[in-house]
Every structure is written in structure tokens, then in C-alpha cells.
Amino acid sequence: MTNFRDHAIKYGLLVLLATMIVFFSIAQPAFLSLINVFIILQSVSIVAILALGVTATLAVNGFDLSIGSTAAFSMMMASYVMIVFDGGTTAAILTALGVGVLVGLVNGFMTVQMRVPDLLATLGMMFLLLGLQLIPTQGRSIAAGMSLSGGETAPGKFTEAFLFLGRARLFDIIPVPVVIMLVLAVITYLFLERTRHGRVMYAIGSNERAAHLAGARVKFYRYVAYVMSGVYASIGGILLAARIGRGDVSSGNSLLMDGVAAALIGFAVLGAARPNAQGSAIGALLVGVLLNGLTMMNTPYYTQDFIKGLVLVAALMFTFGLSKKRG
């Protein structure tokens, strides 16, 4: 019985993912076509990147609710630089990344120096950015040829180099956002699992006081976690702008919930029961497979959030419930 429980904890989520793939493949044979596989991977790439950022904050026992709004604000700022200022690809990307760094530093300052609880600090940042992104354009989306407040036409446009990041496919098959997601997943995994810095972050998340007494620079690593989260969210915003070719004020609405769901589902991957990069990536994949399969089966859109939430709750109850019984 103990062996069964151990295997259920370790492989339960992977079995669920495999079961979903088999079910959707039988129900819709086109589900496993190469085209649809890469559609799924492309659809989850931005969510997975945001989930990796959340994973860094979870590692130090923090939490970042501002990832969705940071991605949306970065998307708007990159679009604003390119369309309104005609600033070019490099300036747009650097501006967006700068937004991520700044948001991470402010979140770190509020949680570390001001001792504001993580949830409250990042919730406040979320609302701040959601409102701030609307001010430069009076709530309008940003697109080439848009009219500015003075009546003139915006001089810039999205460059081919910028759109390449969101729309191009390597070898005409693999979407560039998928490649970026995989690279960031590997980097995050190696950093958290294979470096001293990552182990220190886990130690802080496990017992902050003990880590401090052992000489760990607790404040520094909490800053690092939030800056990582902000930068990853900004990368997601850049890819989103490059994919849709505009600064859409409503495009980032679902990113927070999906990113957080993927990171939390990752707790159940391979029985980790802790934040981990590979689990977050697989969690995003599970959500993507689920939503893609439901869409192909013409499941009403208004039921999909319920089903997604049900899978998240079941996965966490299953993992932590069995882990508690094992202990």
C-alpha cells in the first residue's frame, strides 16, 4: 500500500496528463497532429514563462500576484516605444525588460524593507500597473497608424525583427516562443536545482530564520526572486505583443490565473511538493492540453475555467493529502 501511495504521489499528475492526451486523441484524432501539438506548445509558452517567474518567488516562500499586470504593462510599453516613439526593436525590448526589473525591485522593497506581506504588496502592484497601462493612451489599444491625443498619426510600426519573436517558426515548424520557453525552463531548473544560489533560495523558503542564522543573505535572495519574476513576466509581455502585433489593453487578463495555476500544479509533478521549474512547465502544458482538448470537443467556453480549477484543486489535494498520510 505504501509503494502504491508513493508511486501515486510521484507519477499521478503525469498519468493524468497521459490519460488526457489519450482521451482527447480518441475523441478527436486531429488532436495529436504535429500542427496541433505545436499550437498547444505555443499557446502555453507565455503562461509557462510567467509560471517560472512565480516559481522563483515561491521558492523563497513568497508569492507574486503582479505577473499578469507586469506582462500587460510591458506589452503596452514595448508597443508604445515602437508605435508612438518609433524607437525600434532594441529600445522596445530593453524598455519592457526595464519595467520587469523595476517592478521586481519595488516588490522586493515592499516585502523585504517595508515588511508588507507578499500577497498584499504584489496585489497593490497589480492594481497599480493595471491602471497605469491605460493612462498614456487614455485606455486605447496601441496599433500602427493610431491617432494620438494631438490629432497626429503615430509614426512607428512593429518591425519584422520584433514580430519574429512572436510569430516566426524555426524550420517552419517550431514557434520561437516555444524555444524561448524551453531555454528559460532549462535555465531556471539549473539555477534552482543545480547551483548554490538556488539551494539557498529553497532553504530560505523552508525556514527563513534558520537560513539567516546560517549566514544566508535572505534579503538579497528575496530581491533576486522578485526581479526574476518581473523579468520573466516582461519577457511574456514582449512575446505577447510580438504575437498579436499590437498593445491590446485586454490581452493580459487571464495570464495571472493561468500562470499561478501552472506553478501550483507543478507542486504535484514527480511528488516534489515544492515549487520547481520542471513542474511549472509541465503544469502549463497540462492546462494547455486540457483547454485545447476541450475546445476541439466544442466544450462551452464558460465551463472551461471551472474544469481548469477542478483539475488544479484535485491535483493539489491528491498530492498534499497523500503526502500527509505518508508522513
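Ala 91 lies in helix H4, helices here being DSSP runs of H or I of at least four residues, numbered from the N terminus. The model is predicted, with pLDDT of at least 70 needed for local features and 80 or more for side-chain atom pairs, whereas totals for chains, interfaces and linings use all residues. Residues are numbered from 1 along each chain as its sequence is written, and side-chain values use heavy atoms, leaving out hydrogens and water.

**Helix H4**
- H4 (residues 88–113) comprises 26 residues and spans 37 Å from first to last C-alpha, close to the expected 38 Å (1.5 Å times one less than the number of residues).
- Ala 91 is partly exposed because its relative accessibility is 30% (buried is under 20%, exposed over 50%, partly exposed in between, with a 1.4 Å probe and protein chains only).
- Between Ala 91 and Val 81, 10 residues apart in sequence, the C-alpha distance is 7.1 Å.
- The buried residues of H4 include Ala 92, Ala 96, Val 99, Gly 100 and Val 103.
- Among the elements covering the buried residues of H4 are H3, H5, helix H6 (160–167) and helix H10 (218–244).

**Packing of H3 and H5**
- H3 (residues 67–83) packs with H5 (residues 118–132) at about 25°, the axes being 8 Å apart.
- The two helices are therefore roughly parallel (angles under 35 degrees).
- Ser 69, Thr 70 and Phe 73 of H3 meet Met 125, Met 126, Leu 129, Leu 130 and Leu 132 of H5 in a contact (heavy atoms within 4.5 Å).

Definitions and conventions: Axes are lines fitted to C-alpha atoms, for helices over the stretch in contact, and angles run from 0 to 180 degrees between N-to-C directions. Angles under 35 degrees count as roughly parallel, over 145 as roughly antiparallel, 65 to 115 as roughly perpendicular and the rest as oblique.
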